[in-house]
Every structure is written in C-alpha cells, then in structure tokens.
Amino acid sequence: MSAETTLATETYRLELRDIVKSYGGVRAIRHADIAITPGTVHALVGENGAGKSTLIKIIAGAEIADAGTIAFDGQLRSISSTSDSIALGVQTVYQEPQLFPELSVAENVFVGREITKAGRVDWAGQAAQMHGLLDTVGLPESLATSIVGTLSIAQQQQVSIAKALASDASVLILDEPSAILTDPEIEVLFTVIRRLTAAGVSVIYISHRLDELFRIADAVTVMRDGETITTRPIGELSVRQIAELMVGGVLSESRPKDAGTSGATVLELTDFSREGKFSNVNLTVRAGEIVGIYGLVGSGASEIAGVIYGMDKATSGTMAIDGTPVTVKRPSQAKKLGIHLLPANRSSQASFSFQSIGLNIVIGELGLLGRIPGFASMRRQRAIADDFIKRLAIKTPSEKQPISAMSGGNAQKVVLARQLVRRPELLVLAEPTQGVDVGAKEEIHRIISGLADEGTAVLVVTSDLGEVLRISDRILVIKAGEIAAEFTGEATQVEILAAAAGADPDAEIEIDIVPTAQTETPT
Amino acid sequence: MSIDERTKAAPPAKATARRILPSPVTGQEFVLIGVIAVLWVLLGIFTPAFLTPNSIQPLLVSIAPIALIGVGMTFVIITAGIDVSVGGAIMLCAVVVAKTMVSADVPLFVALAIAIGLGLLLGLINGALIAYGRVHAIIITFGTANIFQFVALRVFASSTVNGIPGTLDVFGRGEAGRTFGVPHSFAITVVVVIAAWWYLRHTAGGRHLFAIGGNANAARLAGIKVQPRVMVAYGLTGALVGLAACFIIASGTSTLDQAVGSGKELQVIAAVVIGGTSILGGRGSVIGTLLGAILVQTVTSGVTQLGWPSQLANLFVGIFIIIAVGTDLLRERARRKS
Amino acid sequence: MTLVNETRPIQTSGNKKPRGQRNLASRALEALLTQRVVLLAVLIVIVIVVMSLLDSAGRLSGPYDPDYLASSLISAVPLVMLGLAELLVILSGRGGIDLSVGSIVSLSGILFGMAYGEWHLSFVASLLVAVISGGIFGAVNGVLVAYIGFPPLIATLATYYAYRSLALVISDQKPINSKEIQDFYSAAQSIELPVIGGSLPLVPLGIFTFLIPTALIVWFLLNKTTFGRRLYALGTNDTAAQWTGINVRPNRLAVYALSGVIAGLVAVVTVSQFASARPDAGTSGNGMALPAITIAVLGGVAITGGIGRVSGIVLATLLIVWLNAGILLALPGNDGSQFQLLALGLVLVFASLLNGLTKRKYGGI
C-alpha cells in the first residue's frame with residue numbers, strides 16, 4: 001500500500017495487517033491495516049460503526065481478531081487477553097474512565113500490576129513511584145489518597161492517564177480524551193502527550209474533533225465501514241478531506257438554515273446564577289430563533305440547560321417564559337410550560353435501552369396515549385411512533401425494535417422525536433449530535449432548523465465548534481460559568497475558541513489550529 | 001522511558017506508604033462496637049446472668065458458625081455477588097459428615113477434611129456457574145440452594161441422623177470445647193477473621209476483589225483475572241461452610257435433624273450488611289461481619305434471657321439492619337460530598 | 001442538501017441476516033431461545049406429554065389427567081399471585097426484589113384471622129383489613145427503598161425479619177381456628193363451572209376469585225396504563241425517566257405497596273386453604289418469597305429491571321405446578337417432595353444459563 005512508503009520508516013512500533021473481525025454474522029472489520037511509528041501521535045478517525053473501537057479493542061486484547069497479524073517492533077505477536085497486551089506495553093485510556101470508585105487514586109494507578117514483596121503489597125514501593133506521577137499529569141500530589149469516586153470526571157481521566165504512564169506504556173491509546181476536558185486541561189494533555197512522544201512512546205489518538213488533530217497528530221488513519229481507507233501524514237489532508245473520506249461522499253456546502261425573522265421572546269434569563277456552576281447569565285431566545293451556547297465540559301453550559309429544565313435550582317436571578325417570571329422546580333413543570341430538553345448523554349440520561357423505539361418516543365407524553373387519563377393504548381403509541389419514524393427518517397424495520405439495536409445517529413433521532421411529540425415552545429438541545437455519525441448529524445441539524453423555521457425557540461448547548469457555527473443564529477460563548485462573548489452574524493472558529501479560552505484573538509492561538517471547512521489546507 | 005526520569009527525589013517512603021495504605025476499617029466497626037457495648041452493659045444490668053461464663057460461652061459458640069461463613073459471604077458480596085445457597089450447603093455438609101461419623105468412626109481430621117472438601121466443591125460449583133455462566137449470582141444460588149437441599153435430603157433418608165459420636169466435641173459447648181474459657185470454635189473464627197482481614201488489605205488478590213465489585217469491566221481491562229478470583233471467593237465460602245457445619249454438629253446434640261441450616265443464609269447476610277459491607281459491592285469489612293454476627297446473636301440471646309417472647313429477636317434484627325445500613329448510607333453520602 | 005453518496009446502513013449489534021433470508025427453523029430456534037414465553041410453553045407441553053406417557057405405561061400412582069391437573073392448580077393460586085408481586089417489584093429496577101412477601105402473608109393473615117375469626121367483622125371488612133395492612137407493610141418497604149435509598153434486598157430483608165416476628169408475637173404463636181375460619185375452607189374448594197362445567201374438570205374456586213382477577217389487573221396495569229409504561233421506563237433507566245419528567249419515587253413506592261397488597265390477598269387465600277390463620281403461613285420452611293422469586297426469574301423477568309411479562313409468570317407457574325404434580329405421582333411420599341426441590345433447582349439453573357447464552361448469541365437483552 002502506498003501508505004507505507006509515505007510514512008518512510010523502517011520498523012514500526014506496532015503494525016497490524018489484514019485484520020478481520022466479525023461478531024455473529026456481522027463484519028465489524030472487513031480489512032484493516034495500521035502501522036504506528038515510534039514516538040508519533042497517530043490519529044484514528046471514522047464514523048460510529050466504522051470499526052475504530054473494534055480495532056482498538058483488538059490492540060488492547062479485549063477482543064481477538066479472526067484473521068490478520070499483529071507485530072510489535074517487527075516481531076509477530078499474539079494477543080489473546082488484556083494481560084497480553086499490557087505485557088507488550090499497550091495502555092488504553094477509555095472515554096469513560098475505567099476506574100474503581102471505592103479505591104484510592106494510588107490503588108487505581110497500580111491495580112492489576114501491584115508491586116508485591118513476599119506476597120504482600122509493597123505500599124512503600126508504590127508510594128515512591130507515585131511521587132511525581134500525579135504532578136506530571138497536572139494533579140496535586142495530595143490526591144494520591146483520595147477516593148476516586150469523589151473526584152470530578154476530568155480529574156478521573158487524569159488519573160487514568162497517570163495510570164497508563166505508570167505502566168511504562170510503549171503504545172498509549174487515547175479514546176476521545178478531550179471530550180470531557182476544558183481547554184486548559186486539553187493543553188495539559190497535549191503537553192503530556194508531547195513529552196511522551198519525545199521519549200519514544202507511540203500514541204494512538206481517537207477523536208471526533210477533526211480540528212484538534214491538526215494540533216497534536218503526526219499521521220492520520222481514516223476508517224469507513226470496517227476498512228482502513230487511507231493513512232497519511234497529517235499535513236497532506238484538510239479537515240474537509242478527512243470528513244469526506246470518513247463519509248465516502250462530498251459534504252454539502254451551504255448552511256442548512258436561512259437566518260429568518262424571529263418572533264416574540266420566549267425565554268429570558270436575567271442575572272441567572274447557580275452558585276458554583278454559572279453566574280450572571282443574561283440571554284434571550286425568541287420564537288423561530290436558534291441560539292447556540294458554546295462551552296466545553298465544566299464551563300457551566302450544560303448546567304444552565306439543566307436549571308432551565310428544572311433538574312436543578314437557580315440560586316439567584318430570574319427566568320421568564322413568554323414574559324412571565326417562573327421558577328421551574330422539576331421537569332414535569334418545565335414541560336407544562338412548553339420547555340422540552342434533549343439530555344447530553346444519551347446512554348445514561350435518555351435511552352431506555354431494551355425498550356422499543358415506540359416506548360422511547362412516547363415516554364415523554366404518556367397522556368396522549370389514552371382518552372381517559374391514566375390509560376394507554378398500544379394503537380396510539382404505534383401511530384405516534386410510526387409518524388415520527390417517517391418524519392425524521394429513522395431507519396428501522398418497525399417501531400417495536402429495541403433502541404439498543406440502533407446506530408448512534410438513529411437512536412439520537414428517536415430521543416429527539418421524544419421531545420417533539422408535543423410541539424415545544426422552547427426546545428433545549430444539549431450536545432445534540434454527540435456520538436452521531438456525519439450523515440445523521442446533518443439530518444438532525446436540518447430537523448432543528450426546520451423546527452425553528454416553524455416558530456419554535458431553540459437553544460443549543462454544545463461543545464462542538466463546527467456544530468454551533470453551522471446551526472446558530474447567535475452564539476454565546478461560556479467560559480468558567482460566565483458569558484464570555486456573544487456573536488451575532490459572522491463569527492470564525494478562531495474568535496469563538498479564543499473567547500472560550502479567554503485569550504486575545506490576535507495573540508497566542510497557534511496558527512495551525514482549526515482550518516475551517518472553507519479553507520483547503522492548514523498552514 | 002522509565003518513571004525515574006520523571007520523578008524527583010522521593011520523600012521518606014514510609015510516611016507516604018502509610019498514607020496510601022487502604023483504610024483498615026470502614027468506620028461502621030466503631031458504631032457496632034459502641035452498640036454492642038451498650039447492649040452488653042444493659043443486659044448485664046437487667047439480667048445479671050448474662051455476663052456469666054455460662055451465658056457468654058454458649059453465645060460465642062453460637063456466633064462462630066455465622067461469623068465464619070460470614071467471612072466468605074463478605075468476600076462474595078464485596079465482588080458484588082451473593083450466595084443464598086449456604087443454608088442448603090450447611091445441610092448437605094452436616095448430614096454427610098454426621099452419617100460418616102455414625103457409620104464409620106472416623107477421626108477428627110478426617111471428618112474435617114470431608115466437611116471442608118465437600119463445602120469447597122459446592123462453593124466451586126457456584127463459583128464456576130457465576131464466573132463463567134454470565135448469570136446473576138442471586139438467581140443461580142437460589143437454584144443451587146434447592147439442589148443442595150435435595151441431595152442433603154436424599155442423604156438423610158430419614159428425618160434425623162442419630163447417635164452421632166463426640167468426635168467433634170472439641171468444637172462444642174462442653175468442657176472439651178474450651179481452653180481458658182474461650183470456646184475453640186470462636187477462637188478459630190477470630191483467627192480466620194484476622195487472616196481474612198489481612199488478606200483483603202495487604203494482598204493484591206484481596207484488593208482485586210474490591211476492584212471486581214467496584215467495576216467488573218474495568219477490572220477485566222486492567223488485566224485482573226476476574227473469573228479465577230470470583231471462584232476463589234465462592235470456593236472459600238463453601239470451605240468455611242464445611243467447617244461451620246462441623247461447629248454446628250458439635251454444638252448440637254447427638255441427633256441431627258433436617259432443619260439444620262434452614263434460614264442460615266439470611267442470618268449470615270444480615271450479619272454481613274450490618275457489619276458495613278455494601279450489598280452493591282466494592283466496599284466491605286470482615287471485622288464488621290464478625291461484629292454484626294455478635295450483635296445479632298447478642299440480641300437473640302438477650303431477648304431470651306430477658307424473658308421476652310423469643311420471636312421478638314427477629315424484630316430487633318430487622319430494626320438493627322435498618323439502623324446499621326442506614327448509618328452506613330449516611331456515612332457514604334457524607335463522604336461523597338466532601 | 002443531501003450527501004452526494006448515500007451513507008451505508010450502520011451495522012447494528014449482535015444481528016442476524018435480514019428477516020427474509022432466514023428459514024423458519026432458525027427463526028423458530030431464535031424464538032425458542034430468546035422468547036421466554038415460547039420456551040415455557042414448549043416445556044409445559046413436554047412435561048404433559050412425558051407424564052402422560054408414564055401414566056399410560058402404568059408408572060404413576062394415580063391418573064395424570066385433566067381432573068388432576070385442574071385440582072393441582074390450587075397451589076398455583078398463591079404462587080402466581082406472589083410471582084406477580086415479585087414481577088412488579090423486580091421490574092422497577094435498581095435491584096428491586098421483595099423478600100418480605102412471605103412475612104406479609106403471615107402477618108396480614110393473622111390480622112385477617114383476628115378480624116374475621118375473633119372480632120367477627122364481615123368477610124369484606126376482614127378482607128379489607130388484610131389488603132390494606134398488606135399495602136401498608138409494602139409501603140414501608142417502598143419508603144425505605146424509594147425515599148431513603150436502602151437497597152431493596154436489605155430493606156425487604158429487614159422487614160422480612162420484623163413482620164415475621166410481629167406475626168408470631170401478636171398471635172402468641174397460636175393459629176386462629178375459630179368457626180368462621182373453618183367454614184371459610186369452602187372458599188378454597190373446587191367447583192364445577194356453571195353451564196359448561198359438566199364436561200370440564202373441577203377447578204379450584206380460588207382461581208376465579210383471586211388468581212384470574214389479580215392476573216388480569218396486573219396485566220392491565222402493565223400494558224394498558226400510563227403507570228405501566230412509567231414502570232418499564234424507570235426500571236430500565238431511572239435517570240432517563242427523571243429527564244422525561246417522570247417522578248420516580250412515588251412510582252417506585254407504589255410497586256412495593258402493590259406487592260404488599262397482593263401478599264395481603266394471598267394471606268386470605270392461604271387462610272382459606274388451611275382453614276386456619278397460622279402465624280407462620282408464609283414463613284415456614286423456605287418461606288413463600290423464594291418460590292415466588294424463582295417463578296419470576298423462570299418467567300423471564302430480568303433481575304436488573306425493565307423486562308418481564310404477566311404471561312411469563314403464569315406459564316412458569318403452570319410448568320412448576322404441573323411438573324410437581326407429576327413428580328408426586330411418579331414418586332409418592334417423601335421422595336416426591338424431595339424431587340420437586342431438585343426439579344425446581346435444575347429448571348432455575350438451566351433457564352438462567354440459557355439466558356446468559358442467548359445474550360451472547362443474539363445480543364440485546
């Protein structure tokens with residue numbers, strides 16, 4: 001393959017050839033080749049279902065390939081368990097921190113590879129190794145004895161990375177590491193990664209944030225439908241080209257929404273605050289308008305959504321719906337006011353996994369299922385479900401199928417449908433296309449625009465920069481719980497990122513970030 | 001790249017070692033010691049007979065089997081499992097040993113070997129089904145409980161086993177069962193508890209049990225051999241059931257009847273949860289289990305001694321379960337907030 | 001604008017080939033392995049066939065005929081009802097289980113006995129005493145679980161002990177055998193069905209007065225009411241249920257209370273079957289909770305919540321009851337009751353192993 005000659009190195013740290021993997025009758029990986037050079041950051045991208053996670057699991061030993069070879073430093077190896085791959089120096093940091101909430105940070109770092117002396121754990125030896133380790137990943141030393149369950153998600157991820165570092169990894173796999181980090185934390189992460197690669201460690205970096213890759217990766221492999229399509233040095237491709245390779249087509253150019261006229265103010269927040277999460281938020285959303293709040297995890301954006309919906313309480317400030325001040329105490333009250341919300345994390349907050357699509361759609365409006373309150377008819381449920389399956393182009397043979405059998409994009413459409421069963425006045429969408437492939441993403445954006453066109457007030461809270469630019473009429477940037485900037489009309493990614501980082505847009509931001517879809521090559 | 005290049009000179013290792021050692025107790029132990037102390041004082045005041053050797057010794061003998069099996073049950077519950085088949089297993093081990101002793105006058109260590117060996121086998125059956133069968137522990141052990149009971153009843157063949165010799169008296173209530181006033185069965189139990197405490201705190205294998213209960217998937221990904229560890233927990237429980245069966249035979253009469261073991265699984269689980277082990281796994285204490293068993297038996301014995309209807313004991317057990325688990329929940333919530 | 005090239009269908013987990021491509025046999029096999037109701041129905045047929053063969057070969061001590069099957073249904077009444085109680089509770093998720101149903105049967109049974117036999121209240125009033133007390137006892141569980149946050153195993157373990165003890169204490173360990181109670185025995189007898197009864201076996205009255213109404217009400221609750229939908233939702237994912245606006249706590253409290261209500265009804269049934277209100281009615285031997293939970297699991301209820309059907313409970317009970325009835329004829333006396341234990345244990349182990357196996361092969365549930 002031409003990919004090998006492009007990379008021009010002799011011995012790869014890790015090389016997989018002709019990998020095939022099936023589950024039951026389904027080919028998860030049709031054919032995969034990947035070769036990782038020592039001391040480089042190798043990005044792995046692809047839509048959901050393309051086979052990235054399966055490939056990673058094979059490298060990590062969590063799954064065994066049906067065919068193909070794996071070689072480390074030129075030597076053929078067989079990996080049949082996680083201990084095998086750990087012994088070869090592979091460490092994986094998953095998106096969900098795979099930690100033990102009841103054990104301390106120190107124990108979590110050493111679990112599975114405890115240092116033992118004559119049968120007992122050598123606590124002193126482990127303590128010595130801990131020293132300096134937490135510092136390297138940006139955590140205070142004192143956290144060594146903290147129980148992991150009491151730490152924040154971002155801190156837990158840092159512990160996962162510390163754990164990987166402590167095992168002298170030669171191949172470090174990072175699965176969507178930046179999804180839950182704030183910008184300063186991402187900087188720390190990149191510094192750590194650069195330190196590692198300088199010392200010869202290879203990093204496999206999986207991310208949906210294509211713009212990020214240009215800041216950190218040396219090479220990129222694109223997967224689609226179970227195949228590795230191509231591997232190139234990062235400089236040879238643009239974001240648009242990578243996206244097109246992932247999808248197998250050419251992305252449409254135009255924005256899906258015309259900036260139309262908007263109507264009366266539906267939502268108004270004045271000095272809205274929740275102590276410790278966000279403060280002095282002032283924003284309005286009008287009927288027919290899409291307001292985007294851009295903020296990374298920890299910025300307070302998702303907390304604002306939660307308070308609007310009544311899952312949490314505001315500690316000061318006012319919220320008004322259609323001009324009337326309200327205090328929303330619980331979601332059922334929010335819904336009565338016409339506020340609907342799509343939660344950020346589908347699997348834990350929205351999906352009823354083995355229940356039917358039908359139930360997943362109607363569960364928010366059970367009152368519509370029967371003439372007499374309290375009664376529910378399957379016929380009505382089916383009718384409502386089938387209607388939405390058609391309207392939102394949900395790919396399924398029937399509404400009886402469990403939502404767990406669907407792809408991310410289709411499942412997200414189901415959960416979105418739930419919010420639309422009774423037309424909302426204000427629709428709040430938190431991370432509406434997280435974990436959704438490019439094709440479905442576009443369809444969902446079109447649906448959202450359509451809703452706004454029909455008069456719904458829409459508030460989108462997202463950490464996806466491309467998304468917030470594409471879909472919003474106005475963009476508010478949240479940083480550290482406060483509105484850092486507001487953009488109406490044109491805005492560039494650079495300006496938004498700068499506002500989110502709190503930096504001067506003309507200084508410090510490295511020029512090689514974020515080539516937008518409009519430019520061809522990164523500088 | 002070695003980690004030394006990334007660290008500065010290490011501070012005195014001992015000080016830090018003490019800091020990263022897992023806590024020796026969960027905190028529930030102190031609450032229990034307090035409650036038990038109060039109960040004993042009150043009982044001592046209202047029934048002076050309570051604090052005499054005549055009353056304390058049988059109490060300790062009755063605590064021993066529950067606490068002993070409780071150690072195994074604690075291991076199992078720490079892995080987020082459970083074993084409701086111990087009652088049936090007690091019955092089976094007891095009847096097999098009793099019949100063997102009646103039909104062939106075997107020496108003590110043979111009886112023990114049979115009991116422990118059989119118990120271990122039963123425990124490993126449970127362990128294998130749970131570790132490799134992808135089934136929930138509560139369901140499968142409901143099933144094996146029935147099967148063990150069935151086999152036990154077949155071995156019984158009649159309603160009782162009579163004429164059991166005194167081979168096991170060294171674990172019994174009589175003079176032969178004591179040294180310096182302490183019943184042997186209780187002493188052995190305490191030794192087992194201490195050994196288990198050490199194992200859970202200071203060995204990788206012990207810490208792995210907590211990991212498995214905390215996040216089984218992460219444990220697997222971290223390279224922990226989950227299935228063998230789970231089998232160890234259930235196997236250990238079974239072996240302890242065998243030993244406890246010998247204690248139970250010894251502390252009874254020369255007649256063994258079919259009610260042996262009945263309901264014991266719930267008593268053991270009660271002792272474990274009162275002791276501060278979380279039913280959800282990942283957290284627990286064998287010392288707490290011992291204290292829990294002491295509390296439950298104290299209540300049972302105390303009720304009788306006070307002349308109250310003996311069924312009231314169960315009411316108090318229920319109340320204590322609520323109080324104990326309630327304080328444990330409150331403590332957990334407070335810890336999460338900090 | 002749409003994409004120039006159509007995206008290919010995303011692969012889904014654990015799939016089979018599209019419907020049209022699979023033959024009837026493999027679809028039937030899948031139905032057998034994944035649809036618990038189908039498996040149970042097949043097993044019932046197998047049991048009846050095997051027992052009938054043994055009967056015609058003269059190996060049974062009595063005829064295994066429709067009359068016998070119908071009369072053996074008397075033990076199905078409390079079993080199905082408590083199985084339904086466990087169904088409701090286990091469906092609610094978060095480790096839902098009710099170990100205290102047996103104790104509630106005992107305690108409410110004593111209260112019923114006192115009301116009907118000692119205080120001479122009317123039957124209806126006494127029934128209400130049983131049912132309402134059962135509901136209150138169940139609600140205690142519900143408060144502990146839903147509002148205070150106790151794991152259900154623990155809460156119902158505690159109330160198992162407490163209620164059991166109260167039953168014995170307030171009855172002074174003596175059953176209530178007054179005349180009214182003894183006359184009540186007629187309520188448990190088998191009757192000939194009106195009109196068509198002539199050609200059908202005699203069916204225990206309890207089937208019609210207690211079992212069928214309870215099963216129908218629970219079925220209706222689960223399938224035809226918004227409460228039922230909410231229950232399935234919160235049993236599957238109670239965080240997501242909160243986000244949809246469902247108020248989780250009162251709904252969860254309700255199922256534990258309902259379980260207690262059903263246990264109260266079973267108390268009345270039990271009193272009529274024994275013609276005596278016994279304080280250990282639900283707690284003697286292994287207790288009533290264990291068989292009920294076994295029935296629920298056999299009937300296809302997922303122990304983690306969100307999955308389970310009334311039809312599964314009913315069929316599981318029929319299987320066990322008719323299997324036990326057959327064993328009793330094949331091996332009379334003590335032998336028979338022992339082999340019933342074995343049968344129950346083996347069926348449970350194999351049914352759950354099957355569940356685990358099919359999870360791997362077919363994915364999903």
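Domain bounds here come from an automatic or database domain assignment. On that basis chain A is divided into domain 1 (2–247) and domain 2 (265–501). The centres of domain 1 of chain A and domain 2 of chain A, taken over C-alpha atoms, are separated by 32 Å. The model is predicted, and confidence is treated next.

**Confidence**

Chain A has a mean pLDDT of 83, with 87% of its residues at 70 or more. Within chain A, the lowest confidence falls in helix 1 (residues 2–7), at a mean of 43, and the highest in strand 18 (residues 339–342), at 96. For chain B the average pLDDT is 88, and 94% of the residues score at least 70.

| Stretch | Contacts |
|---|---|
| Chain A, residues 1–9 | 10 contacts |
| Chain A, residues 503–523 | 35 contacts |
| Chain B, residues 1–12 | 18 contacts |

**Chain B as a whole**

Chain B contains 13 helices and four strands. Its C-alpha atoms fill a box of roughly 70 × 50 × 35 Å along the principal axes. Does the radius of gyration of chain B agree or disagree with that of a compact globule? A compact globule of 338 residues would have a radius of gyration near 20 Å, and the 21 Å of chain B agrees with this. Of the 338 residues in chain B, 55% are buried. Taking contacts in chain B between residues at least 6 apart in sequence, 79% join residues at least 24 apart.

**The contact between chains A and B**

This contact takes 35 residues from chain B and 40 residues from chain A. On the side of chain B that touches chain A, helix 1 (13–20), helix 8 (204–214) and helix 9 (216–221) of chain B each supply at least two residues. Helix 1 of chain B gives the most to that side, with six residues. By residue class, the side of chain B that touches chain A divides into 16 nonpolar, 11 polar and eight charged residues.

Nine of its 11 residues are buried, so the helix is mostly covered, with 20 or more other C-beta atoms within 10 Å as the criterion for a buried residue. The buried residues of helix 8 include R207(B), H208(B), L209(B), F210(B) and I212(B). G206(B), A211(B), G213(B) and G214(B) are also among the buried residues of this helix. What covers them comes from two chains: the cover includes helix 4 (105–110) and strand 8 (120–121) of chain A. From chain B, the cover includes helix 3 (53–78), helix 7 (184–202), helix 9 and helix 10 (226–251).

**Chain C**

Chain C has 15 helices and two strands. Of its 365 residues, 52% count as buried. Among contacts in chain C between residues at least 6 apart in sequence, 77% join residues at least 24 apart.

Helix 12 (residues 248–274) of chain C has 27 residues. From its first C-alpha to its last, helix 12 of chain C reaches 39 Å, close to the 39 Å expected at 1.5 Å a residue. This helix is mostly covered, with 23 of its 27 residues buried. Just after helix 12 of chain C, A275(C) takes a positive phi of about 55°.

Methods: Residues are numbered from 1 along each chain as its sequence is written. Chains are lettered from A and ligands numbered from 1 in the order in which they are written. This is a predicted model: local features need pLDDT of at least 70, side-chain atom pairs count only at pLDDT 80 or more; totals for chains, interfaces and linings use all residues. pLDDT is the predictor's confidence in each residue, from 0 to 100. Two residues are in contact if their C-beta atoms, placed from the backbone, lie within 7 Å. Ala, Val, Leu, Ile, Met, Phe, Trp, Tyr, Cys and Pro count as nonpolar, Asp, Glu, Lys and Arg as charged, and the others, Gly among them, as polar. The radius of gyration is taken over C-alpha atoms; the globule rule is 2.2 Å times the number of residues to the power 0.38. A residue is buried if 20 or more other C-beta atoms lie within 10 Å of its own, exposed if 12 or fewer, and partly exposed in between; C-beta atoms are placed from the backbone. The expected span of a helix is 1.5 Å times one less than its number of residues.
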